[in-house]
Amino acid sequence: MRIAVVDGQGGGVGKHIVEKLRKLLPEGTEILALGTNALATAQMLKAGANEGASGENAIVFNASRVDLIVGPVGIVVPHAMAGELTPRIAEAITQSPAPKLLLPLLRGKCELVGIRPEPLPHLIDELVDRVKEIIAVSGEKTSP
């Protein structure tokens, strides 16, 4: 399984996601850090991603080449993350055939109604639990 973790700005959310995924997923799980900038990518690589790439073209190129995409919900909102999330990135992620697991974190003038406010560590725990479920189901489908 190849999982893309997408983040921008300082890469803090992506860093925490990668750390938790690396700790709790099977050893063969490949984690690709896709940052809107080099700092975000570097943070995710330090946290244990197998490889990383930065910038609009890297994210657009890789979005359709992974099995799962995770990150904050802003990765599908054009101009999110202080403008780092370009319309091309948002479009590539939303059009990717890969399932997306998105954390309900938005800044600015967007609000997700009906979502309970939870601390980031709790949200990441839920995300990782869901990734584990997806990996288990995909493993069952490929088993003889």
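Colleague: Which residues is G55 in contact with, leaving aside its neighbours within four places in sequence?

Modeller: G35, T36 and N37. Contact here means heavy atoms within 4.5 Å. Keep in mind that this is a predicted model: local features need pLDDT of at least 70, side-chain atom pairs count only at pLDDT 80 or more, and totals for chains, interfaces and linings use all residues. Residues are numbered from 1 along each chain as its sequence is written, and side-chain values use heavy atoms, with hydrogens and water left out.

Colleague: Why is G55 called buried?

Modeller: Its relative accessible area is 16%. Buried means under 20%, exposed over 50%, and partly exposed in between, with a 1.4 Å probe and protein chains only, so G55 counts as buried. G55 sits in the loop between β3 (51-54) and α3 (56-63); helices (H or I, at least four residues) and strands (E, at least two) are DSSP runs, numbered from the N terminus.

Colleague: What makes R2 buried or exposed?

Modeller: R2 comes out at 19% relative accessibility, so R2 is buried. R2 belongs to strand β1 (residues 2-7).

Colleague: How do you know that the side chain of R2 makes a polar contact with that of E30?

Modeller: The distance is 2.4 Å. A polar contact is a pair of N or O atoms within 3.5 Å; within protein, one must be able to donate a hydrogen and the other to accept it, and residues adjacent in sequence count only if both atoms are side-chain atoms. The side chains of R2 and E51 also qualify, at 3.2 Å.

Colleague: Why are the buried residues of α4 said to line one face of the helix?

Modeller: In α4 (residues 87-95), I89, A90, A92 and I93 are buried. Down the axis they fall within an arc of 165°, so they line one face; that arc is of the directions from the helix axis to the C-beta atoms. Their cover includes β1, α3, β4 (68-72) and β5 (100-103).
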